[in-house]
Amino acid sequence: MTGQNSSRGRLHTGLSALLWVWILAVFAAYLQNYAEPIRLIFGVLFG
Amino acid sequence: MDNVFQVAALIALVASCAGFGAAILRLVGAHSVVRNGAETCGLGFVLGMGAFAWVLFFMGIAGAFSPQAFWPITGFGIILLAVNAGIYRGATATPVVATQKYPLWLIILLALLVVVLAFDLLEGISPPADADTLASHFAVPRQFLLAGRIEFVPRAVTGAIPMLLHMTYAAALGIGGELTLTLWAMVTGWAAGLMVYGVARRFADPAGALALAIVFLTTPAVLYGGGGGQVEVPCAAFALASAIVLVAGLKSGSWRLIAVAGLLAGFFVGAKYFGLIFAGAAGLVLLFHRQGIRFALVFGVTALVAGAQWYAWNWWHSGDPVFPSLFLALGLPDTSFWTADYGKYHRAYYVEAENPLARTVVNWLLYPVYATFDMVPKLESGRTGLGVLLFLLLPLTVVGAYRKQFRDRETIIFFALAAIFFTVWFASGTTQRVRHLLPVYPLLLIACFALALKASEAYAVIRPFSAAVFLVLIVQAGGHALFASNYAKHVFSNETRREFQERNIRAANAVFWINDNLSRRDRVAYTPRGIAYLFAIPSFMLHPHSQALIDFRPSLDDGGKFIASTTKQGINYFLLDEPWHRMGSENAIGSMRMMKAFIASGCLKKIKAFPIIGMSSRTLAQVGGETDASTIALFRHHPENCPA
């Protein structure tokens, strides 16, 4: 029983980690859309 | 004092639409199907807005299109609200999901909502500045108002289009003024946000539903069009309202509810050509019910009653109900305002400008990727896109869709409507700009969010789910702040309306000079379309690609024909962009050679040149974004020096 729970826990941790990776990777790729505005804003803020 | 009156006119207009909506809801008993206060208020307002605009069309063609005619109908709506207000009072009943799991998040989200609405308000109390809006959405209703009636405007894309929502713009401008109009545009955007919140409350707690509503309100395409007068956001409200009533109708088997769903879809049909696709998609979904044919018939008839008038209007004047899309297919004879030859030219230009992707199955499947990650610039998915939340939640949505107990009828129908709409839209060969998918975006957003939320709760991965929503809120709210800063600069300074528009609208300075120095006996033909709304004297949009009353195609070099058609339109001044009168070696095209010859012969004499600044983005121009300095010049027409 404990082994089963532990296996399920590892599966959950793995899936959760994969989800985090997906979210961060997709979000980073999406931010490329705004590379120009981000560059301009940083230019204004930090000279 | 004038501003107070204009805000009062806005309140009257909102109350009137709420009144019409409440009366219809009570009449058909549809208020019993809504599930919470936000849904009731949103549905009632949206339904009433469509009904109000529907009435105004018939007043417009009858020549009763003036504030004096608008006030009684507005007042009637307010009386209806007074009589039927109980529908809204009773709507604050216990919501379906009453748990408040994250009170702290709810407080933070409420604070964010206040900020978002404040940003919208800055735009709402600033003068209009969007180019499409100034070329068409506000300009044409103003033209109708000045004429005292609805006129057929024989111009593709920005003229002869369904104008149901434009009727409400005319009413706002007529009974109040420009401030009422811009605030009204803001309110119609908020109505869609309210609907999203209301429907999301069916499966989410207040914090979750509020987060989704803010995601929607700060979506780049909504920022771009929501408060500026574009019609996609109110169309989204029509589509969502129609979908929830349709689901209720299918569940209960009530033909009355199906009729209301048809009315709402018909209002979308009357507001935008793509409403036809939505109505078709809904009709198809209805056919899967055991009473499908009967329901589809009821739905179709009510949709036609609500939206077909604008197609009949186009057909009456041009023979083409979706002018000019069917002009060639129907083999219509040439007229003074459109010809088969010009139709072929317009179609070729349109495909070149609006259809960057070949209509293949691969592109159809990959369109969401192209449109999310800005891989095809002509889709305009950066500053006017649909955001990234759907992609971030994709794995959870797929897992949720796999679990049978998570798939309810709402979710399936919302998916079906969005998928059919997207497929037909993509296959039809119309514009591929992603913002035109906005009307069905809430359906997809709500369905995906519901499945992903349920999956994240079932598999205990609520943290990455919340993080995805949080990241989207942060980036979109940041974009909203930047977008609003242009308006804040106006509102929190002594900048006048004229100064604001000169700063934001290319060639506005030239129009203001013309308004000050020419008279109503003159008529100015102009090439930059985004100034149409600003003219206080008669004017004519000399568009090279969308009108044939005065043929101004780049290939044109028949001076005699050009002068004859301008004279027929009573034009005695021309406001021409620099490339149109200064022929460079790289721009040696027919119409420029023609204009150069006119200038050389004294047919056109320059009165005044104006320095102008063009910008691809008003928002980014504030922080050093790309601008283009050039000149525009006003020419006086001297027929005695022109070719015969």
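Thr430(B) counts as partly exposed because it has 18 C-beta neighbours inside 10 Å. A residue is buried if 20 or more other C-beta atoms lie within 10 Å of its own, exposed if 12 or fewer, and partly exposed in between, with C-beta atoms placed from the backbone. Thr430(B) and Leu451(B) are separated by 21 residues in sequence and by 31 Å in space, C-alpha to C-alpha.

The model is predicted: local features need pLDDT of at least 70, side-chain atom pairs count only at pLDDT 80 or more, and totals for chains, interfaces and linings use all residues. Residues are numbered from 1 along each chain as its sequence is written, while chains are lettered from A and ligands numbered from 1 in the order in which they are written.

Chain B contains 29 helices and 5 strands. Its C-alpha trace spans about 80 × 55 × 50 Å along the principal axes. Of the 644 residues in chain B, 54% are buried. Among contacts in chain B with a separation of 6 or more, 75% are between residues 24 or more positions apart; two residues are in contact if their C-beta atoms, placed from the backbone, lie within 7 Å.

Several helix pairs of chain B were examined. Two packed helices are described by the angle between their axes and the distance between the axes. Here the axes are lines fitted to C-alpha atoms, for helices over the stretch in contact, and angles run from 0 to 180 degrees between N-to-C directions. Helix α2 (residues 37-61) of chain B and helix α9 (residues 178-200) of chain B have axes that come within 8 Å and cross at roughly 145°. The crossing of α2(B) and α9(B) is left-handed, meaning that the near helix is turned anticlockwise from the far one by less than a right angle (clockwise would be right-handed). On the α2(B) side the contact includes Cys41(B), Phe45(B) and Val46(B), and on the α9(B) side it includes Leu194(B), Met195(B) and Val199(B). By class, this contact has 9 nonpolar, 2 polar and 1 charged residues. Ala, Val, Leu, Ile, Met, Phe, Trp, Tyr, Cys and Pro count as nonpolar, Asp, Glu, Lys and Arg as charged, and the others, Gly among them, as polar.

The axes of helix α3 (residues 67-84) of chain B and helix α8 (residues 164-175) of chain B come within 9 Å, with a crossing angle of roughly 105°. The two helices, α3(B) and α8(B), are therefore roughly perpendicular to each other. Angles under 35 degrees count as roughly parallel, over 145 as roughly antiparallel, 65 to 115 as roughly perpendicular and the rest as oblique. Pro67(B), Phe70(B), Trp71(B) and Thr74(B) of α3(B) meet Ala171(B), Gly174(B) and Ile175(B) of α8(B). This contact comprises 5 nonpolar, 2 polar and no charged residues.

For helix α12 (residues 232-252) of chain B and helix α22 (residues 441-458) of chain B, the axes come within 8 Å and cross at roughly 55°. The helices α12(B) and α22(B) are therefore oblique to each other. Ala236(B), Ala239(B), Leu240(B) and Ala243(B) of α12(B) make the contact with Tyr441(B), Pro442(B) and Leu443(B) of α22(B). The contact has 7 nonpolar, no polar and no charged residues.

Most residues other than glycine have a negative phi, and most peptide bonds are trans. Val157(B), in the loop between α7 (139-147) and α8 of chain B, has a positive phi of about 70° although it is not a glycine. Val157(B) is buried, with 21 other C-beta atoms within 10 Å. A cis peptide bond, with omega about -5°, joins Phe323(B) and Pro324(B).

Technical notes. Helix = DSSP H or I, 4+ residues; strand = E, 2+ residues; numbered from the N terminus.
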